[in-house]
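Here is a short report for a reader new to this structure. Have the sequence and the model open while reading.

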Amino acid sequence: MRLTTRAVRVAAAAACVAISLAACTSPSDTADTSSDSSSGSSDIASKEPDVNGDGKVVVGVLSPGDLNDNGYYESFVAKAEAFTKSKGWTLIKVGSINPADALNQARNLCRQKVDLVALGAAELKDAIPASAEDVCKGTAWYVPSSAEIKQTPQISISRDFINESLLAAGYANGLLMKDKGYTKAGYITGPELDFSVQAAKAFKAGIKEVVPNATLATTYTGDFNDSAKAKEAATAQINQGAKVVYPYLGGATDAVAALATPQNGLLMSTPGTDRCGEPGNKFAVSVIFDPGEYFNAALSDFADGKLKMGVSRDWHLGKDSVPTVKLCNGTADQNAKLKQFIEDIGSGKVVPDTEVSKLGG
């Protein structure tokens, strides 16, 4: 079962959050992950990174979010900027794309002779049909996964798994809630999509692993980036007694996080990136399904002629460096329990899909 990640994941967020978010996969995702599913992957990979042979390498990034959101969307572009600069490549980035315009924007990138088209979040899945059109023929594609995206021979998919990341996120919050005597939590996201609904269930299940009588209020504002709606939803949840609020959002994340103060004791979690070390940090938990880390690995493969189309790369909690979850100011005991829980997910001792089915309803 898979992704989460914001894929929109708020990613998406993301992630899958996807928040993709994340690029994230839900349990219902049935994407073909076979390495043999692409008939054209070897042709593209053999020409990477200058796929079209024009003597230069151009990477085009399309994002539905604010490229300066200090979070999920910015992470993707920041990693792309650093990598392409190190290689002397050209980066074309287009942000705040309306999903309804994704297909046209993808075609525009191909007309600019890019070698690689990268989608910053799965919300832009409607751009994918361009990969099979003549205008994009011979172009490599990088796509963060989601339940709605199926593998095709023309694209490379990056997948993480919502139930893994969000179950651990809930568990981390549960540890903090138990020690503080909290029992009410809130979850705020954008549109009511498969991945954002699944993320809520997994987050709730993780909390209840530690605090069985905990409750979770869930609000769908309809927009990952609308700060006013997100702040209104968070305020309502706080007024109803929520002491934990998870902004599974994009550009609206910081508006919600600003409500946390030392005086009110609110606990916030990040939707995709590690922000524990930031000056004036407002977050108690970093839930890290960083799309930039996934894309950075794909760009490295692309540079080496190893980014194959028609296949997916899977990222698992407890097995890979990302995704992961960390407490920003956890005690030694809390950190040890979270570390063990993540290791148990990675080893298979804890099966996220089973736990979410049992506790996330």
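## A stacked aromatic pair

Phenylalanine 76 and phenylalanine 295 are both buried. Buried here means under 20% relative accessible area, with exposed over 50% and partly exposed in between (1.4 Å probe, protein chains only). This is a predicted model: local features need pLDDT of at least 70, side-chain atom pairs count only at pLDDT 80 or more, and totals for chains, interfaces and linings use all residues. Residues are numbered from 1 along each chain as its sequence is written, and side-chain values use heavy atoms, with hydrogens and water left out.

A search of the whole structure finds 15 aromatic pairs. Rings of Phe, Tyr and Trp (its six-membered ring) pair if their centres lie within 6.5 Å; planes under 30 degrees apart count as stacked, over 60 as edge-to-face and the rest as tilted. Phenylalanine 76 and phenylalanine 295 make a stacked pair, at 4.4 Å centre to centre and 5 degrees between the planes. Phenylalanine 76 lies in helix 2 (residues 72-87) and phenylalanine 295 in helix 8 (residues 291-303), so their pair ties together parts that are 219 residues apart in sequence. Helices (H or I, at least four residues) and strands (E, at least two) are DSSP runs, numbered from the N terminus.

## A tilted pair and a cluster

Tyrosine 248 and phenylalanine 289 form a tilted pair: 6.2 Å centre to centre, 50 degrees between the planes. Tyrosine 248 sits in strand 8, and phenylalanine 289 sits in the loop between strand 10 and helix 8, so this pair ties together parts 41 residues apart in sequence. Buried or exposed: which is tyrosine 248? Tyrosine 248 counts as buried, because its relative accessibility is 0%. Phenylalanine 289 counts as buried too, at 0% relative accessibility.

One aromatic cluster takes in Tyr187, Phe195, Phe203, Phe224, Tyr246, Tyr248 and Phe289.

Six strands form an open sheet in the order 7-6-8-9-10-12, with mixed pairing. Two strands pair if DSSP finds at least two bridges between them. Strand 7 (215-220) and strand 12 (324-327) are the edges, and each pairs on one side only. From one strand to the next, the twist averages 15 degrees.

Strand 9 (residues 267-272) and strand 10 (residues 285-288) pair in the parallel sense over four bridges. Proline 271 stands opposite valine 287 in strand 10.

## Helices on the sheet

Helix 4 (residues 162-180) packs on the sheet and touches strand 6 (184-189), strand 8 (244-248), strand 9, strand 10 and strand 12. The direction of helix 4 makes about 15 degrees with that of strand 12. Axes are lines fitted to C-alpha atoms, for helices over the stretch in contact, and angles run from 0 to 180 degrees between N-to-C directions. Helix 6 (residues 227-239) also packs on the sheet, touching strand 6, strand 7 and strand 8. The direction of helix 6 makes about 165 degrees with that of strand 6.

Glutamine 237 is found in helix 6. It counts as buried because its relative accessibility is 3%. Leaving aside neighbours within four places in sequence, glutamine 237 is in contact (heavy atoms within 4.5 Å) with residues including Tyr187, Thr218 and Val245.

## Helix 4 against helix 9

Helix 4 and helix 9 (residues 332-347) pack at an angle of about 155 degrees, with their axes 10 Å apart. The two helices are therefore roughly antiparallel. Angles under 35 degrees count as roughly parallel, over 145 as roughly antiparallel, 65 to 115 as roughly perpendicular and the rest as oblique.

Among the residues making the contact are Leu167, Tyr171 and Leu175 of helix 4 and Leu338, Phe341 and Ile345 of helix 9.

How many residues of strand 4 (residues 140-144) are buried? Five of its five are. Ala140, Tyr142 and Pro144 point one way from strand 4, and Trp141 and Val143 the other way. In a regular strand the side chains alternate between the two faces of the sheet. Strand 3 (residues 116-119) pairs with strand 4 in the parallel sense over three bridges. Leucine 116 stands opposite alanine 140.

Strand 4 also runs parallel to strand 5 (residues 156-159), joined by three bridges. Valine 143 has isoleucine 157 as its bridge partner, and proline 144 has serine 158. Strand 5 is covered on both faces: Ser156 and Ser158 on one side and Ile157 and Arg159 on the other are all buried. Strand 5 pairs in turn with strand 11 (residues 312-314), in the parallel sense over three bridges. There, arginine 159 stands opposite aspartate 314.
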